[in-house]
Amino acid sequence: MTEPDLIALAEAVRAAAEARADLRRLGVQLEAAGALAQTRRSELADLQRRLQVEQSDVRRLEKLSPTKIWAALRGDTADRLAVERAEADVAAIAVAGAQARLDSAIAHASRVRSERDDLSDAENTFREALAAYEVALRAAGGRDAAELTEIAAQLGVAAARQREIAEAVDALRATRAALNDALAKLDSAGGWSTYDTFFGGGFIADMVKHSNISEATEAFTAVNRALERLSTELADLGATAVDGVDISDTLAVFDVLFDNVLSDWIVMDRISAARANAEDLDDRLVLVAERLAAGAIETSTRIDSLLARREAILTALA
């Protein structure tokens, strides 16, 4: 058995180990994606129930009912009806958003399941590659057969982890870009809100303010989607890699950020709270970036060490 033959067999083991690691990674991703889809289903159901309540309030005021009679006696039927219709519209928008998030989560889970199914035979392939390599080494009188086999397997695992870290870094980069964009739009909305509240604003200022709020809300929706992708990628690296990054709570804050805005003061307060939460999230993402960088260095060093030992053994066998 020549050195090139052994290297080819070792490469087969490495590739098989990498595929097996991918299979296990996708299993973790699928579990996380399934949990997210279930959460989105629950969110949608809650918002649909809320919409039904709001629509029921509108119907009671639109037709003859004790509610409408009482409102008429108080002289505020029109005002009450306008408020109820506005709240129903907000609830309908929230339901549409929740449906979109659910559809996205289901589609993501489907993609992960398809990728995992493509690697369904990875465990058998790895065992067969390992066995072929071991037989070849023994036939060649391989005194270091056990160590070479272990090195090949560890190289596959390390390569898979290296790729997982790269994917997490890419997701983190996209999340921070989305967050920066959202913060910029939030600052613009905050400026117009302050002007509208303290300096009289007027109709034009009010329209611009609400336009900016809508843009900020859409920007934070993009942050949510980026965070979901990041949470999936980080799950592949183990719980210790995401310690201190509570993504689900952050999502909940941003999802209800501008829900049911009733006054200029409430708008200002929510914008201020949103900025505080966004800055806190940015601090957490910095910690994630540092941990990913450390993990990348550690994995690269590990691969270099394994390759050096493998080369030393194979050179000695030549």
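Helices here are DSSP runs of H or I with at least four residues, and strands are runs of E with at least two. On that basis, the chain has eight helices and zero strands. This is a predicted model, so please keep that in mind throughout.

Some totals to start. The chain has 318 residues, and 37% of them are buried. Its accessible surface is about 16,700 Å², with carbon and sulfur atoms contributing 56%. Among contacts with a separation of 6 or more, 82% are between residues 24 or more positions apart.

Next, the cores. The largest nonpolar core has 24 residues, and the members touching the most others are L179, F220, V223 and L292. Three helices each supply at least two residues to this core: α5, residues 145–198; α6, residues 203–235; and α8, residues 264–317. Of these, α5 gives the most, nine residues. A separate core of 19 residues includes A16, A17, L155 and I303.

Now the charges. The whole structure contains 19 salt bridges. What does R163 pair with? Its partner is E18, with the closest N and O atoms 2.4 Å apart. R163 is in helix α5 and E18 in helix α1, so this bridge ties together parts 145 residues apart in sequence. E18 has a relative accessible area of 17%, so E18 counts as buried. R163, at 25% relative accessibility, is partly exposed. Leaving aside residues up to four places away in sequence, E18 touches G156, A159, A160 and R163. E18 and R163 also belong to a network of salt bridges that links them with E11, R14, D22, R25, E164 and E167.

The side chain of R20 meets that of E123 in a salt bridge, 4.0 Å from N to O. E123 lies in helix α4, residues 122–139, and R20 in α1, so this pair joins parts 103 residues apart in sequence. R20 is buried at 17% relative accessibility, whereas E123 is partly exposed at 22%. The charged end of R20 also sits over the ring of F126, 3.8 Å from the ring centre. As for ring against ring, a search of the whole structure finds zero aromatic pairs.

The last pair is a local one. E228 and R225 form a salt bridge at 2.9 Å, N to O. Both are in helix α6, three residues apart, about one turn of the helix.

How values were computed. Residues numbered from 1 in each chain as written. Predicted model: local features only at pLDDT ≥ 70, side-chain atom pairs only at ≥ 80, totals over all residues. Heavy atoms only, no water. Phe/Tyr/Trp six-rings, centres within 6.5 Å; stacked < 30°, edge-to-face > 60°. Lys NZ or Arg CZ within 6 Å of the ring centre and 35° of its normal. Buried < 20%, exposed > 50% of the residue type's maximum accessible area, 1.4 Å probe, protein only. Contact = heavy atoms within 4.5 Å. Areas by Shrake-Rupley, 256 points an atom, 1.4 Å probe, with all protein chains shown as cover. Core = buried A, V, L, I, M, F, W, Y, C linked by side-chain atoms within 4.5 Å.
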